[in-house]
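Trainee: I would like to learn how to read a protein model. Please show me the structure, and then I will ask about it.

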Amino acid sequence: MAQKILVTGAGGIAGVNFVRAIRASRREYYVAGTDHSKYYIQFPDLQARYLTPRHDDRKFVGRVSEIARKEGVEFIHPQPSSEALVLSARRRELPASVLLPPPKVMTVAQDKLETQKVLAASGVAVARTRTVRRVSDVEGLFKALGSPLWIRARHGAGGRLSLLCGSPPEANHWMSLWLAKGIAIEEFIIQDYLPGRNIAWDSIWWDGRLVTSYCRERIEYPFKHISPSGITGTPSVARTIRDARVDGVAEMAVKAVDRRASGAYSIDVKEDEDGKPCVTEVDAGKFHSTMPLWGYVAVRHLKLPWYSNLAELYVTLGMKGKVRGGIPAHDLIPSGYYLIRNIDSGVLLWREDGWKERVL
Ligand SMILES: Nc1ncnc2c1ncn2[C@@H]1O[C@H](COP(=O)(O)OP(=O)(O)OP(=O)(O)O)[C@@H](O)[C@H]1O
Ligand SMILES: [Mg+2]
């Protein structure tokens, strides 16, 4: 009999990828999905689709519970971090299980200032990070830290409020503009600029133990020329890499944020000018948007074992509470594979030697 699950935020890029990966698993699943966009909920391959209010609406949890009950699902995967945090905090009200870190852990992980503090205290390499009380204080930061500096938001996704600033006036203008638009000054963090490789480390954990992981370098973002920082959230070109230093720092970062990590943890790593990997974000309880797509590619195109489909591995852990051994802890996906994707252009898997397969 098909196992029944509910995916919230199923219409976003990550949600669509997650549902597709579940469809590519060994067993049959009945997948219901929700989103607050009546447009994007049309995308995923679902047996039932529902609209919900946004995560900050007081009816959100009640509506998700009602749908889960009606559909008889056993497991709920909230894809967007905002929805995951609310559902983690109110998991007792849900009629199905979730595989999410406690809300305390997720709250730290969703605050990039707190994350940097926790990581630094545990000896994990991070960029020096500062905040200011007044915009005019940035001048002092340029004197203390040097130039350029990277400004970004404490909360949110997609490189929110990011800009590389080469001088105090640039930083001043950027922050003042956002302050005028109602952003609080406490929302900004100002950091050393990390100019090296941009790396995503994707992992699954169980009870404080790393089950499996792999990493990939983000090479290009779509529409980068129309974003002031060049960051637009999900890469149009990425390639799998192997790097024991990245594995080491990312694993330490997860342990620093959550001593009993269980479920999905997506880590962002950026190298400094000496090539040292520094952690810029620990997404606790979250799939990076292409993590399930890489899993789909792993089983469908690279013919890797079922557990390489991380969405299936995660749902199996969430529903059964265990998984058999023998799964490699690192480098789950071989290095040198590129995922090339763009709007209206599809998705390609490619290698430098010219080998190519169409994924979507
Ligand atoms: N100090 C820094 N120096 C240089 N680049 C940085 C720095 N901090 C972050 N970045 C770059 O910005 C990207 C986005 O980071 P940020 O935390 O602002 O957004 P995000 O929450 O990761 O967004 P999403 O995960 O949705 O893409 C990082 O992956 C990294 O490439
Ligand atoms: Mg990120």
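Trainee: Which residue in β3 does aspartate 35 stand opposite?

Mentor: Aspartate 35 stands opposite leucine 51 in β3. This is a predicted model, in which local features need pLDDT of at least 70 and side-chain atom pairs count only at pLDDT 80 or more, while totals for chains, interfaces and linings use all residues. Residues are numbered from 1 along each chain as its sequence is written, and chains are lettered from A and ligands numbered from 1 in the order in which they are written.

Trainee: How many bridges join strand β2 and β3?

Mentor: Strands are DSSP runs of E with at least two residues, helices are runs of H or I with at least four, and both are numbered from the N terminus. Two strands pair if DSSP finds at least two bridges between them. Here β2 (residues 29-35) and β3 pair in the parallel sense over four bridges.

Trainee: In what order do the strands of the open sheet lie?

Mentor: The order of the four strands is β3-β2-β1-β4, with parallel pairing. At the edges are β3 (48-51) and β4 (75-78), each pairing on one side only.

Trainee: Is leucine 149 buried or exposed?

Mentor: A residue is buried if 20 or more other C-beta atoms lie within 10 Å of its own, exposed if 12 or fewer, and partly exposed in between, with C-beta atoms placed from the backbone. Leucine 149 counts as buried because it has 24 C-beta neighbours inside 10 Å. This residue is found in strand β6 (residues 149-153).

Trainee: Which residues touch the most other members of the largest nonpolar core?

Mentor: In soluble globular proteins, nonpolar side chains tend to be buried together. A nonpolar core is a set of buried Ala, Val, Leu, Ile, Met, Phe, Trp, Tyr and Cys residues joined through C-beta atoms within 7 Å. The largest one has 82 residues, and Ala253 and Val279 touch the most other members. Domain bounds come from an automatic or database domain assignment. Domain 1 (3-98) and domain 3 (198-358) both give residues to this core, so the core lies between them. A second, separate core of 14 residues includes Trp174, Met175, Trp178 and Ile190.

Trainee: How many residues of domain 2 are in contact with domain 3?

Mentor: Two residues are in contact if their C-beta atoms, placed from the backbone, lie within 7 Å. Six residues of domain 2 are in contact with five of domain 3. The centres of these two domains, taken over C-alpha atoms, are separated by 29 Å.
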